[in-house]
Number of protein chains: 2
Amino acid sequence: MWYSLSQQPINQPTQTPMPDWRLYVITDPRYGHGDALRDRVAAAIRGGATIVQLRDKTATTRALIEQARALLTITRAAGVPLIINDRVDVALAVGADGVHLGVDDMPIADARRLLGPHAIIGGSPETPEDALRMQREGATYLGVGDVFGTPTKPDAGAPIGIAGLQRIIALVDIPVIGIGGITPANAADVIRAGASGIAVVSAVMGAEDPAAAAQTLRHIIDRTRSEVEA
Amino acid sequence: MWYSLSQQPINQPTQTPMPDWRLYVITDPRYGHGDALRDRVAAAIRGGATIVQLRDKTATTRALIEQARALLTITRAAGVPLIINDRVDVALAVGADGVHLGVDDMPIADARRLLGPHAIIGGSPETPEDALRMQREGATYLGVGDVFGTPTKPDAGAPIGIAGLQRIIALVDIPVIGIGGITPANAADVIRAGASGIAVVSAVMGAEDPAAAAQTLRHIIDRTRSEVEA
């Protein structure tokens, strides 16, 4: 089930087109701040990232706002949405395209009320019940994992695997993005499972050459999508 | 210079009345969470707290929202404003009365834009330049200190003393609340210096009997104000 503009009902009221979920790149403070972070994000976009999330649970609000404003100049120029992890206040202050919310963050329903109907609001469900509730409360998409076991969140539970990912994809009607330990070696499996895209942190932001790393993943994603659709 | 409704120009457009700044009580996670925190805040209000700030730099967004909603039922019933430290998103989600922002938090100008003209927005300047900028950007009041040296923020710089407090009071036109190491032994000095109120954390929230502690401070504040005004 692929979401694209052409599948929207023709007479639907004007709405923001669905983002291109294929390669969702998430930042991490361990891979730099300021100019260094901005350069890596710019490289990721050059390589084919279709959506970017600013994630930094340690920064002050002021630093996060400054970082978001800096990234927004890059993402806007590239036509790529910028999503802010957790912080609806930061998203509102800088005019970002949306937020991504886990079960310890603001409830999706509150965020939808504050950000309006056109904002991109993602959720990270931890159970199938979370997934259904987040959809009901107005999530635009779900980031589902940990699929393969991630080095970025070592405190996460056991990986859910491709089977766990498929279970959520079958359960909800909104796009699902696979996350957690996705690399060029297993990205195709995530797309074949029906995910609308893959989300990565280390595989792109931690790569020696983020542009090349993004390009490799995009190539696999696009080729696999062609196979699936054929 | 005391701010009260009676000193507002008579023909001024409708505006939210200035809060009663006299005894500003700030929470701290070290003095409990959930029901325990709520009970201490309720006691502080019974004892005479005129404004309450929820401050918890360690809680998740979800926990902060839940805590804010719980406190709001108490503060609303008592007609006491609830201010959220740092988090404009939490204030918006729960409909709190305002926010308090330090120099590492959202700039006052952004918060004013997001919260509207009637929200209470406080600032914690670290220099006289900060104080003037915060006033210019739309701060309702300033929390100024560390006046006497506080146990709550051990990483703060040297205390500014009564002289430092007076310098800021003379510099700005908005109400100034003294903060930092204020106890029944020195609260009168802060009021005599021209502060519109005193802010405390430990002296009330950390007291064995928060209601009695608040009552003692309110008595000193009110008596000193009567002397000053006489």
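A:Ala42 lies in helix H1 of chain A, which spans residues 34-47. The model that contains this residue is a predicted one.

A:Ala77 is placed in helix H2 of chain A, residues 61-78. Its relative accessibility is 71%, and A:Ala77 therefore counts as exposed, the cut-off for that class being over 50%. Between A:Ala77 and A:Arg112 there are 35 residues along the chain, and 26 Å separates their C-alpha atoms.

Chain A comprises 9 helices and 8 strands. Its radius of gyration is 16 Å, close to the 17 Å that the globule rule gives for 230 residues, so chain A is as compact as a globular protein of that length. Taken along the principal axes, the box filled by the C-alpha atoms of chain A is roughly 40 × 40 × 35 Å. Of the contacts in chain A between residues at least 6 apart in sequence, 62% join residues that are at least 24 apart.

The surface and the interior of chain A can be described in turn. The accessible surface of chain A amounts to about 9,900 Å², and carbon and sulfur atoms contribute 53% of that area. Chain A carries 21 positive and 25 negative side chains; the centres of these two sets lie 3 Å apart. As for the interior, 54% of the 230 residues in chain A count as buried.

In soluble globular proteins, nonpolar side chains tend to be buried together. The largest nonpolar core of this model has 125 residues, and those with the most contacts inside it are Leu142, Leu165 and Ile198 of chain A together with B:Leu142, B:Leu165 and B:Ile198. What does A:Leu142 touch, residues up to four places away in sequence not being counted? Its partners include A:Gly123, A:Pro125, A:Ala131 and A:Met134. Also among them are A:Ile168, A:Val172, A:Ile174, A:Pro175, A:Val176 and A:Ile177.

The backbone calls for separate attention. Most residues other than glycine have a negative phi, and most peptide bonds are trans. Against this background, A:Gly145 and A:Asp146 are joined by a cis peptide bond with omega about 0°. A:Asp146 lies in the loop of chain A between strand E6 (141-144) and helix H6 (161-171). In chain B, the bond from B:Gly145 to B:Asp146 is cis, with omega near 0°. The loop that holds B:Asp146 runs between strand E6 (141-145) and helix H6 (161-171) of chain B.

Another aspartate has a positive phi. In A:Asp86, phi is near 70°; this residue is found in the loop between strand E3 (82-85) and helix H3 (88-94) of chain A. Is A:Asp86 buried or exposed? At 8% relative accessibility, A:Asp86 counts as buried. For B:Asp86, phi is near 75°, a positive value in a residue other than glycine. B:Asp86 occupies the loop between strand E3 (82-85) and helix H3 (88-94) of chain B, and its relative accessibility of 9% places B:Asp86 among the buried residues.

Definitions and conventions
Residues are numbered from 1 along each chain as its sequence is written. Chains are lettered from A and ligands numbered from 1 in the order in which they are written. This is a predicted model: local features need pLDDT of at least 70, side-chain atom pairs count only at pLDDT 80 or more; totals for chains, interfaces and linings use all residues. Side-chain values use heavy atoms; hydrogens and water are left out. Helices (H or I, at least four residues) and strands (E, at least two) are DSSP runs, numbered from the N terminus. The radius of gyration is taken over C-alpha atoms; the globule rule is 2.2 Å times the number of residues to the power 0.38. Buried means under 20% relative accessible area, exposed over 50%, partly exposed in between (1.4 Å probe, protein chains only). Contact means heavy atoms within 4.5 Å. Accessible areas come from the Shrake-Rupley method with a 1.4 Å probe; for residues, only the protein chains shown count as cover. Lys and Arg count as positive and Asp and Glu as negative; His and the chain ends are not counted. The place of a charge is taken as NZ of Lys, CZ of Arg, CG of Asp or CD of Glu. A nonpolar core is a set of buried Ala, Val, Leu, Ile, Met, Phe, Trp, Tyr and Cys residues joined through side-chain atoms within 4.5 Å.
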